[in-house]
Amino acid sequence: RPRILSGMQPTHDSLHLGNYLGAQVNWVAMQEEFDAFFCVVDQHALTVSPDPAQMRQRTRVTAAQYLAGGIDPEKSTVFVQSHVPEHSQLAWVLSCITGFGEAARMTQFKDKSSKRGSEATNVGLFTYPILMAADILLYDATAVPVGEDQRQHLELTRDLAGRFNTRYGDTFVIPEPHIPSETAKIMSLADPLAKMSKSADNQSGNLMMLDEPKANIKKIKAAVTDTDNEVRWAPETKPGIANLLRIHAALSGEPVADIVARFEGPNRYGALKGEVADLVVEVQAPFKARVEELLADPGELDAILAKGADRAREVAGGVLARAYDAVGFLPAR
Ligand code: ATP
Ligand code: MG
């Protein structure tokens with residue numbers, strides 16, 4: 001079976017609805033036909049330096065959310081990035097074929113570093129996309145299910161794989177991005193021009209999967225819209241309403257045009273928000289309950305991660321050996 005790989009950073013105590021709709025829903029669908037690898041990318045999360053106890057806790061919570069969202073460890077390999085040292089090993093090799101200017105053009109780096117200032121920006125944040133390329137290339141992944149914000153990083157991965165193959169001979173599979181069309185970018189409810197983001201300073205616009213339902217209902221009721229008070233599909237001029245419509249359509253399966261038709265007339269924002277709130281709670285409540293169940297016995301979860309790491313290392317070890325050989329590293333024995 002062809003392989004896929006994807007991951008999320010343990011940068012928060014909970015995933016948000018954007019992670020779920022933009023990435024996880026696709027993961028669950030794709031695990032049926034692909035040999036799927038889902039990784040908790042703790043090394044990436046280290047770029048924002050959380051405290052150690054929090055890192056450990058969030059790594060488990062993130063893995064638990066993979067399972068709660070429908071990843072089946074019997075079908076897919078679920079593991080923690082730092083358990084598989086090949087990721088950092090390949091990242092070094094790839095960093096030596098990445099141009100400095102090429103890395104400096106990554107818009108996510110520019111955004112995140114400009115928010116932090118150059119003193120507080122670490123080199124890990126800069127080389128992050130190279131580690132991400134290693135994550136993907138180590139598994140010969142043919143497709144990578146991610147949200148729109150990862151498109152540029154995926155493009156870099158493809159460039160690096162192609163460059164390596166040209167320079168050293170065919171070694172890596174060139175992966176295709178697999179980005180959903182409607183839910184690739186779920187926006188913040190507080191600022192519909194910015195995406196929901198785990199590490200955003202302002203969390204008031206994020207619908208967190210593990211928050212109390214009433215906290216999310218409150219955020220939906222307070223969602224920024226506009227003053228014309230008409231429910232219409234106009235992403236350019238009505239980004240807040242477009243975001244709510246997209247969330248509704250993704251969760252209900254109802255086409256946007258049908259939803260809009262049901263909310264014809266003045267002053268229907270409250271009613272639309274009410275339906276969105278019900279739909280969000282409907283997925284979130286069982287998700288949260290399942291995570292709590294999994295965390296109650298972390299032994300089972302840790303066993304799944306240990307097994308996943310073994311399987312991941314089997315594949316990653318083989319691909320790393322190919323790359324080491326290609327660049328001419330002398331075999332250890
Ligand atoms: P951080 O702010 O720490 O970078 P994040 O919310 O961007 O967190 P990641 O762990 O970086 O989450 O990304 C996990 C997956 O979720 C990726 O596939 C990414 O493309 C996707 N994703 C992140 N934010 C959104 C969003 N707002 N809408 C849709 N998909 C998203
Ligand atoms: Mg991110």
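Student: At what angle do helix α4 and helix α13 pack in this predicted model?
Tutor: The two elements are helix α4, which spans residues 86-95, and helix α13, which spans residues 298-327. Their axes lie 10 Å apart, and the angle at which the helices pack is about 25°.

Student: How are α4 and α13 oriented to each other, roughly parallel or oblique?
Tutor: The packing angle of this pair is about 25°. Angles under 35 degrees count as roughly parallel, and α4 and α13 are therefore roughly parallel.

Student: Which residues of α4 make the contact with α13?
Tutor: The crossing of these two helices is left-handed. On the α13 side the contact is made by Arg 313, Ala 316, Gly 317, Leu 320, Ala 323, Tyr 324 and Val 327. By class, the contact has 7 nonpolar, 2 polar and 2 charged residues. From α4, the residues that take part are Glu 86, Gln 89, Leu 90 and Val 93.

Student: Why do α10 and α12 count as oblique to each other?
Tutor: Helix α10 (residues 239-252) and helix α12 (residues 269-296) have axes 10 Å apart and pack at an angle of about 40°. Since angles under 35 degrees count as roughly parallel and 65 to 115 as roughly perpendicular, α10 and α12 are therefore oblique.

Student: How many residues in the contact of α10 with α12 are nonpolar?
Tutor: α10 passes α12 in a left-handed crossing, and the contact includes Ile 241, Leu 244 and His 248 of α10 together with Tyr 269, Lys 273 and Glu 275 of α12. Of the residues in this contact, 2 are polar and 2 are charged, while the number of nonpolar residues is 11.

Key:
Residues numbered from 1 in each chain as written. Chains lettered and ligands numbered in written order. Predicted model: local features only at pLDDT ≥ 70, side-chain atom pairs only at ≥ 80, totals over all residues. Heavy atoms only, no water. Axes fitted to C-alpha atoms, helices over the stretch in contact; angles between N-to-C directions. Helix = DSSP H or I, 4+ residues; strand = E, 2+ residues; numbered from the N terminus. Parallel < 35°, antiparallel > 145°, perpendicular 65-115°, else oblique. Left-handed = near helix turned anticlockwise from the far one by under 90°. Contact = heavy atoms within 4.5 Å. Nonpolar A, V, L, I, M, F, W, Y, C, P; charged D, E, K, R; others polar.
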